[in-house]
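Please look at the sequence and structure first.

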Amino acid sequence: TIYERGPIPHSQSGSSMSLHVMIAALVAIVLVSFIVAIDFAHGAHKLVIFSPGNKILGVVFTSSQLDTPSSSPSSSSSPDHRNTTNSNQLGTSRNFIILGMMNSGTNLMRTTLQMNFPIRAINEPRDTNNPQELWKHKLPVHAIMQWKKENESSIEIMKRRLEYFISNNNSLVVAMVRNPISNLVSMRKAPYSLAGCIPRTWKEASNDSCQFKGINFSPPGLITLWNSYASGYCTLAKEFEENMVIIRYEDLVYDPAAVLAHISKKIGLPSLEKLHVQEKPSKSHGRATSRTEALDRLLHHRYLNIKGNPIYPELRDLCSGIDEKLITEQMPPPLTTAPSHLSDCFNFTEHRMS
């Protein structure tokens, strides 16, 4: 809801202005401020404050459903809060657990949710042993992370922590999965904790294994790691069918309305009255791109031919490591007509791009 206050009355200009008129104008300004303050105190969700010239002086956001102030969408702190201007969502807040491989769109999803729902997005910036915390990039694999001195597999730890969040915090789990080839190119640009797995050339990428979190992923290591993330999320989605969705990064970029409609239906909310789309980069690190740039790269597969280090010459070897059945038989169907996760392998392995 937008509360619009009319222009604050002008006092008469010029030397003939009387003291009484000046006092009356001052009282009017105070009264308008008082009314705005009352509305704020009663839980208005968006107040637009106008100047005498009918220019916006400021916008105040608040929400009676959330008990802590909002944090910046680009912040990696946890938890994050951002309220909505969609009146049909007010009064229905929901917690979200966002999961995904590095550079898979977790920040974009978090920001998009914050712009459209009254949410509490849990987004742990690190891997911890705290049973009430969950790192968004934690590996959902059937292997023990010995470097963390854990005594059970990573995916079992994730199951237990997700059960906690779902049962105690009314949480929906959102797992992001990105086109494996596009994801690899993005990781080379900003590897984060995968820096040790990033090769100097794509030729090496097709032949090298990857050591990540104490686990060895056989060649092509980065592709095998991607398979492990995607497969693990499919396993978790079966376990938490009513409280988890897997979202393709490409669908979120291509048609955020379709993704938000899917999520709204999953949590029992009507369709959004007004969609807020994240057009700017959703994070301040990792050389992030705007939605326009992301769409261009996605639709035209421009990431295959990055100047100085094109990946397409090694596509055949890299694609041979992708678990095709995982994508076609276990992953949920796409929500949009954006290029599939196998489109690079189907369309560009037989010839080189010009």
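The lining of the largest cavity consists of Met101, Ser104, Met176, Val177, Arg178, Asn183, Trp226, Tyr229, Ala230 and Tyr233. A cavity is a set of points on a 1 Å grid over the protein atoms alone where a 1.4 Å probe fits but cannot get out, and lining residues have an atom within 4 Å of a point. This is a predicted model, in which local features need pLDDT of at least 70, side-chain atom pairs count only at pLDDT 80 or more, and totals for chains, interfaces and linings use all residues. Residues are numbered from 1 along each chain as its sequence is written, and side-chain values use heavy atoms, with hydrogens and water left out.

**Largest cavity**
- The structure has two cavities of 30 Å³ or more.
- The largest cavity holds about 40 Å³ of space, where a volume is the space filled by probe spheres set on the points, with grid points joined across faces, edges and corners.
- Strand S7 (171-177) and helix H6 each give two or more residues to this lining; helices (H or I, at least four residues) and strands (E, at least two) are DSSP runs numbered from the N terminus.
- H6 gives the most to the lining of the largest cavity, with four residues.
- By class, the lining of the largest cavity has seven nonpolar residues, two polar and one charged (nonpolar: Ala, Val, Leu, Ile, Met, Phe, Trp, Tyr, Cys and Pro; charged: Asp, Glu, Lys and Arg; polar: the others, Gly among them).

**Helices H4 and H6**
- Helix H4 (residues 180-189) packs against H6 at an angle of about 120°, and their axes are 10 Å apart; axes are lines fitted to C-alpha atoms, for helices over the stretch in contact, and angles run from 0 to 180 degrees between N-to-C directions.
- H4 is therefore oblique to H6 (angles under 35 degrees count as roughly parallel, over 145 as roughly antiparallel, 65 to 115 as roughly perpendicular and the rest as oblique).
- Pro180, Ile181, Asn183, Leu184 and Met187 of H4 make the contact with Leu222, Ile223 and Trp226 of H6, contact meaning heavy atoms within 4.5 Å.
- Seven of these contact residues are nonpolar, one is polar and none is charged.

**Second largest pocket**
- The second largest pocket holds about 380 Å³ of space; a pocket is an open set with protein on both sides within 12 Å along at least five of seven lines.
- Of its 20 lining residues, Ala237, Met244, Val245, Ile246 and Pro332 are the closest to its centre.
- S10 gives the most to the lining of the second largest pocket, with five residues.
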